[in-house]
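Let's take a walk through this fold together. Have the sequence and the 3D view open as you read.

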Amino acid sequence: LLNELDDQLGSELRWHGEANLRPLAERLQGLDDLPEVSQPVALQATLRPYQVYGLRWLKFLSQTELAGILADDMGLGKTVQVLAHILLERESMPNMGPVLVIAPTSVLPNWRAEIERFAPNLKVLTLSGNKRASRMVEIPQSHVVLSTYALLGRDLAKLLAFDFHMLVLDEAQLVKNPNTLAARAARQIRAKHRLCMTGTPLENHLGELWAQFDFLMPG
């Protein structure tokens, strides 16, 4: 991998982000398998083997500063895998910033219910309703902040005042058109890590997949 990288960087091609590319290649060069992880202590569930593998993959993305799409089919527990990942991150970084989850309005009750059931130690802030602006001061003290695609564009200016540890797009196929207000707003949120969740990452054409990765790893 590094030899090929040297050949390419020495060619006449122009590379963006060359300074970050070599350290990433060096990390990947020494990787034989996904990192082993222990189930977070605070998780009120026993993960199935494929969910443990998903958790290892999420940890790998975090360690390598990459981003990806968790695309298990509906009903296979994508939310609990992400909650386990958040808990695992907090175990190693107790003071880490909040995680912002953007989801369809109809899915927010499911997120609240799953957090209450599987990760009750997480402090959750739901941004909804006419009084949500006054509650944004609570974002830095929250572990998980829940909002919707419908509100993202309207609240963008206020959300840009905060730095998030991770930004999660649930039902991420909803940003398959990169020109929508929600898609453009999501790209502007400041977050150290980004993740898409969707059982249908590709429905009609490859441009939909590109739109999600343009959010995840622009350029």
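In β4, which residue is the bridge partner of T126? It's L146. Keep in mind that we're looking at a predicted model. That bridge belongs to the pairing of β3 with β4, which is parallel and runs over 3 bridges. Over in β2, I102 has S147 of β4 as its bridge partner, and β2 and β4 run parallel, joined by 5 bridges.

Now let's stay with β4 for a moment. Take its side chains: V144, L146 and T148 point one way, while V145 and S147 point the other.

Step back and you'll see an open sheet of 6 strands with parallel pairing, in the order β1-β6-β5-β2-β4-β3. The edges are β1 (68–70) and β3 (124–126), each pairing on one side only. From one strand to the next, the twist averages 25°.

Next, the helices. Helix α5 (residues 108–118) packs on the sheet and touches β2, β3, β4, β5 and β6. Its direction makes about 165° with that of β4. Helix α4 (residues 78–92) reaches 22 Å from its first C-alpha to its last, close to the expected 21 Å. It's mostly covered too, with 13 of its 15 residues buried.

Technical notes
Residues numbered from 1 in each chain as written. Predicted model: local features only at pLDDT ≥ 70, side-chain atom pairs only at ≥ 80, totals over all residues. Heavy atoms only, no water. Pairing = 2+ DSSP bridges. Helix = DSSP H or I, 4+ residues; strand = E, 2+ residues; numbered from the N terminus. Axes fitted to C-alpha atoms, helices over the stretch in contact; angles between N-to-C directions. Contact = heavy atoms within 4.5 Å. Expected span 1.5 Å × (residues − 1). Buried < 20%, exposed > 50% of the residue type's maximum accessible area, 1.4 Å probe, protein only.
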